[in-house]
Amino acid sequence: MKKSTEEKTAKEKLQTAGRILKRRLRRKHRQYQKTQRQKKSNRIKMRKKLSRQEYLRFRIQELKEGEWKKALAYALALLLCVFLFTKIVAAVSGLIREKRKPAETETETVTETETVYPEKDISIGSTGCMLLHSPFIDSYPDSDGKYDFSSIYKFITPYYSAPDYMTCEFEGALGGDELGYSGYPSFKSPDIIIENIRDSGVDLQFLATNHIYDGWSYGFHRTMDVYEEKKIPYTGIRKTEQDKHYYIADINGIKIGFVNYVYETTGTGTNLNGMQLEQEDWNLINVFDYNNLDPFYVEMENNIYAMNQEGAQFIIAQMHWGNEYQLTEADYQREIAQKLADMGVGAIIGGHPHCEQPIDVFTSSATGQNMFCIFSEGNALSNQRMYLMDEMPTGHTEDGAMITLTLHQNSRGEVSIKNIELLPTWVYRWQDNDGSRYYILPLDDVDNIEKTTGINGIKEEAKASYERTIEELQPGLEKALKAFGAGYADTAETEERQSQDSTDTQKDSEI
């Protein structure tokens, strides 16, 4: 006997619902199996690398982080899906039987659909290290001894405020009046600097640097107290071992995970700059050891897993690494970058060398996805002037870069890099009656910089800084723009226009 149209429609809805549930179950199961394989592999590695006591602590930490809860939640979710599926089957089967009976009330069934995310873009900016050398400490207090560094950011604030989210590295500790203030080699800065940085447009400050312990344990803990008192987001360090190793920001509805690490120096326990940390602080800073990277890789895999579980759609790693005053990245930086790409990190922002280092693209051997990397953004703020730097008397320590990543979310909720922008910056220093003064100057229009800033006699130095940055970063930027597709044509057209403008300016000056 020929089946009715209603029965066919009901069966089609049942089949659709079944397919959706099967896909979701398979996807969840694959993800769970992959995670468990990674966990098992990590445990095997850690068992080989760590002593029995250290391995026991590692497993206890895993349990504290709730692995058993996640496994239980997965099992319950699987059972719930099976239960719902059987209910749908029973309901639709009943509907078909009812349809065969005459004079029954018509019933509608609702099928489950996949989540569709809104297509949207967000922008995330980052800039290099900010550290206050002695001239900042000597020149900026008022007659009452109070500090205010806000004038430094006068010209850069519109640029830091332009992206949807902005980050930077702050190098130093906040020891307060109790420890006093100083520059190199022990950077202990006035509290106000982190507010000045925030007010310039920076949303998140990275603190895992080689100078975070310059105020010893007291200054280290006081630094976190001040950040929390001022409600300024930070990451890279934490108050307790149970606190998260990372930070997740919700940027216009898109969740971005940030994680920040610093290299450690040789010694017992945890050491930074040759300073041995108090034992209770050993596990409160995100550190890695160049001579033993496996524990770092395991920890990063755990961080990435945890961030993904919390909904992170894209992960940025801020790495305080590399050799100081070197314009080329070290082999170990490339090794670490490739490993992080394989783990699923979407972008690496580097700092510490006090000069810029190249941009490159790494491809994940696991997924084939590309990862953006700038090995060092240079100095955003410092007193490392050309005439003071025997280690690098070329001016590169005066240069910095602001990188802006445009990220795109597609309808499946996947987030990827859409465009990359580079803004060269330069630290300008001059003298007044109170001592040294500084500006962070954007170099997007060096030919007119004296007119736009009102500062005379700086064009040649600014142009030299701009050219150093372009020479160092432009080749890698072009490679990255090609790798990530969109935005390359616009950048090429902009460069062509800038080149033509420069040619016209030169012709005018010759006339």
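**Questions on a predicted model**

Modeller: Tryptophan 216 belongs to helix α8. The model is a predicted one.

Colleague: Is tryptophan 216 buried, partly exposed or exposed?

Modeller: The backbone of tryptophan 216 has a positive phi of about 55°, although the residue is not a glycine. Its relative accessibility is 47%. Buried means under 20% and exposed means over 50%. Tryptophan 216 therefore counts as partly exposed.

Colleague: What span is expected for α8 at 1.5 Å a residue?

Modeller: Helix α8 has 14 residues. The expected span is 1.5 Å times one less than the number of residues. From the first C-alpha of α8 to its last the model reaches 20 Å, close to the expected value of 20 Å.

Colleague: Which elements do the buried residues of α8 pack against?

Modeller: The buried residues of this helix are Ser217, Gly219, Phe220, Arg222, Thr223, Met224, Val226 and Tyr227. An α-helix has 3.6 residues a turn, so residues three or four places apart point the same way. The buried residues of α8 pack against β2, α6, α7, β3 and β4.

Colleague: Which residue with a positive phi follows α8?

Modeller: Phi there is near 60°. The residue that follows α8 with this value is lysine 231.

Colleague: What covers the buried residues of α7?

Modeller: Helix α7 runs over residues 192–199, and its buried residues are Ile193, Ile194, Glu195, Asn196 and Ile197. Just after α7, glycine 201 takes a positive phi of about 120°. The cover over the buried residues of α7 includes β1, β2, β3 and α8.

Colleague: Where is the cis peptide bond that involves proline 185, and what is its omega?

Modeller: Proline 185 is placed in the loop between α6 and α7. The cis bond joins tyrosine 184 to proline 185, with an omega of about 5°.

Colleague: Which residues does methionine 319 touch?

Modeller: Leaving out residues up to four places away in sequence, methionine 319 touches Glu169, Tyr261, Phe288, Phe296, Ile336, Leu340, Ile348, Ile349, Gly350 and Gly351.

Colleague: How many residues apart in sequence are the parts that tyrosine 290 and tyrosine 332 tie together?

Modeller: The whole structure has 23 aromatic pairs. Tyrosine 290 and tyrosine 332 form one that is tilted, with 4.1 Å centre to centre and 45° between the planes. Tyrosine 290 is in the loop between β9 and α9 while tyrosine 332 is in helix α10, so the pair ties together parts whose separation in sequence is 42 residues.

Colleague: Which residues form the aromatic cluster that includes Tyr290?

Modeller: Tyrosine 290 itself counts as partly exposed because its relative accessibility is 24%. The members of the cluster are Tyr261, Tyr263, Phe288, Tyr290, Phe296, Tyr297 and Tyr332.

Colleague: Is tyrosine 325 buried or exposed?

Modeller: Tyrosine 325 is in the loop between β10 and α10. Its phi is positive, near 65°, in a residue other than glycine. Its relative accessible area is 16%, and the cut-off is under 20%, so tyrosine 325 is buried.

Colleague: What does threonine 469 touch?

Modeller: Threonine 469 is in helix α12. With a relative accessible area of 0%, threonine 469 is buried. Not counting residues up to four places away in sequence, it touches Glu356, Asp399, Gly400, Pro424 and Gln474.

Colleague: What percentage of the protein chain is buried?

Modeller: The chain has 13 helices and 17 strands. Of its 511 residues, the buried ones make up 48%.

Note on methods: Residues are numbered from 1 along each chain as its sequence is written. This is a predicted model: local features need pLDDT of at least 70, side-chain atom pairs count only at pLDDT 80 or more; totals for chains, interfaces and linings use all residues. Side-chain values use heavy atoms; hydrogens and water are left out. Contact means heavy atoms within 4.5 Å. Buried means under 20% relative accessible area, exposed over 50%, partly exposed in between (1.4 Å probe, protein chains only). Helices (H or I, at least four residues) and strands (E, at least two) are DSSP runs, numbered from the N terminus. Rings of Phe, Tyr and Trp (its six-membered ring) pair if their centres lie within 6.5 Å; planes under 30 degrees apart count as stacked, over 60 as edge-to-face and the rest as tilted.
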